[in-house]
Amino acid sequence: MNTREHLIYMAGQIFRNFASRGEEAAVSATAEHLVLYWDPHMKAQALDILDDPEIDLPEPVRAVFGKLRVAA
């Protein structure tokens, strides 16, 4: 698993931990978690992943990274 795949995987795991709150709330809670706990390099990589059309992101992770962009 490369770094990008690992970040996508971690974001998906965090999202699943919040999934019982409903999708919209889980996306917001996951994005907040990334803002608080991911280092700046990880957040920058997540935004690069979001901009890469070659990467097939699961929709919840795409939404989380989109909210991360807004927070940045």
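Q: At what angle do helix α1 and helix α4 pack, and how far apart are their axes?
A: Axes are lines fitted to C-alpha atoms, for helices over the stretch in contact, and angles run from 0 to 180 degrees between N-to-C directions. Helices are DSSP runs (H or I, at least four residues), numbered from the N terminus. Here α1 (residues 3-18) and α4 (residues 59-71) pack at about 95°, with axes 9 Å apart. Angles of 65 to 115 degrees count as roughly perpendicular, those under 35 as roughly parallel, those over 145 as roughly antiparallel and the rest as oblique. The pair α1 and α4 is therefore roughly perpendicular.

Q: Which residues make that contact?
A: Contact means heavy atoms within 4.5 Å. From α1 come L7, I8, A11, G12 and F15, and from α4 come P60, V61, V64 and F65. By class, the contact has eight nonpolar residues, one polar and no charged. In this scheme Ala, Val, Leu, Ile, Met, Phe, Trp, Tyr, Cys and Pro are nonpolar, Asp, Glu, Lys and Arg are charged, and the others, Gly among them, are polar.

Q: What kind of model is this, and how are residues numbered?
A: This is a predicted model, in which local features need pLDDT of at least 70 and side-chain atom pairs count only at pLDDT 80 or more, while totals for chains, interfaces and linings use all residues. Residues are numbered from 1 along each chain as its sequence is written, and side-chain values use heavy atoms, with hydrogens and water left out.

Q: Which members of the largest nonpolar core touch the most other members?
A: In soluble globular proteins, nonpolar side chains tend to be buried together. A nonpolar core is a set of buried Ala, Val, Leu, Ile, Met, Phe, Trp, Tyr and Cys residues joined through side-chain atoms within 4.5 Å. Buried means under 20% relative accessible area, exposed over 50%, and partly exposed in between (1.4 Å probe, protein chains only). The largest core has 23 residues, of which I8, L34, W38, I49, L57, V64 and F65 touch the most other members. Each of α1, α2 (23-37), α3 and α4 supplies at least two core residues, and the largest share, six, comes from α1.

Q: Is H33 buried or partly exposed?
A: H33, in helix α2, has 25% relative accessibility and so counts as partly exposed. Not counting residues up to four places away in sequence, H33 touches I14, F18 and W38.

Q: Why does Q45 count as buried?
A: Q45, in helix α3, counts as buried because its relative accessibility is 19%.
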